[in-house]
Structure formats: structure tokens, C-alpha cells
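This is a short walk through one protein chain, from a single residue to the whole fold and back to a residue.

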Amino acid sequence: MSEIQEIRTKLEARLRELDKRTHEIDDELSEPGDDDWAESAVESENDEVLQQVGNLAVDEIRKIKAALSKIDAGTYGICASCDKKIAPKRLEALPYATTCIDCA
């Protein structure tokens, strides 16, 4: 398996994981609240945290889809700022990186 195919496989797996997580968060947030005031306050705080986690997941999904599009276009691993190759170690750590370490 080529290095790019390995990256694609990892990105697609992460995308499935995030998609599942966002659906679980949506389901959790759509549940009716508790009538007890104190319990309702705790649920409200938990909902805020869930919304933030969901927002982060949606942002990562967007980045992963962009990386997959770049793989399809043959431009994956090219810095969006300077057009140089992004170091393999950076892509290993952050597979949806769009800039090299110098431009980041």
C-alpha cells in the first residue's frame, strides 16, 4: 500500500469516527431536559461542552474532507503558502495540514 493510500485510509477511518461522534452528540442534545432545576442546570452545562466538542468535530471533518480532495487532485502534501512539500513527519502528526512547518 502506498504512503498516500495509507494516509487516505487513516483519514477515512477518522472521518467515520467523527461522523459517528457528531451523530451521537446531536442525539444527546436533542433529548428533552430534566424538570428539576438543579439537574437542568447541570444538563445545560453539559450541553455547552457537547456543543463545543461537536463544533470541533465538524471543523476536523471539514479539514479531513479538504485533505481527501487534495489527495484526489494530486496536490496533497503541498504547502498552500509556499508550494513546497510538507514534511512527512508533519503530515503524520497532522494528516490534514495545509502548510509546512515554516509557514505555519
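In this predicted model, Thr22 has a relative accessible area of 11%. Because buried means under 20% relative accessible area, Thr22 counts as buried. The residue belongs to helix H1, which covers residues 3-30. What does Thr22 contact, leaving aside its neighbours within four places in sequence? Its partners are Gly54, Ala57, Val58 and Ile61.

The chain as a whole comes next. There are 3 helices and 0 strands, and from the N terminus on the order of elements is α-α-α. Of the 104 residues in the chain, 23% are buried, and Thr22 is one of the buried residues. Among contacts with a separation of 6 or more, 49% join residues 24 or more positions apart. The accessible surface of the chain is about 7,500 Å², and carbon and sulfur atoms contribute 50% of that surface.

Helix H1 also holds Glu3. Is Glu3 buried or exposed? Its relative accessible area is 55%; since exposed means over 50%, Glu3 falls in the exposed class.

Pro88 lies 85 residues from Glu3 along the chain, and the C-alpha atoms of Glu3 and Pro88 are separated by 9.8 Å.

Terms used
Residues are numbered from 1 along each chain as its sequence is written. This is a predicted model: local features need pLDDT of at least 70, side-chain atom pairs count only at pLDDT 80 or more; totals for chains, interfaces and linings use all residues. Side-chain values use heavy atoms; hydrogens and water are left out. Helices (H or I, at least four residues) and strands (E, at least two) are DSSP runs, numbered from the N terminus. Buried means under 20% relative accessible area, exposed over 50%, partly exposed in between (1.4 Å probe, protein chains only). Contact means heavy atoms within 4.5 Å. Accessible areas come from the Shrake-Rupley method with a 1.4 Å probe; for residues, only the protein chains shown count as cover.
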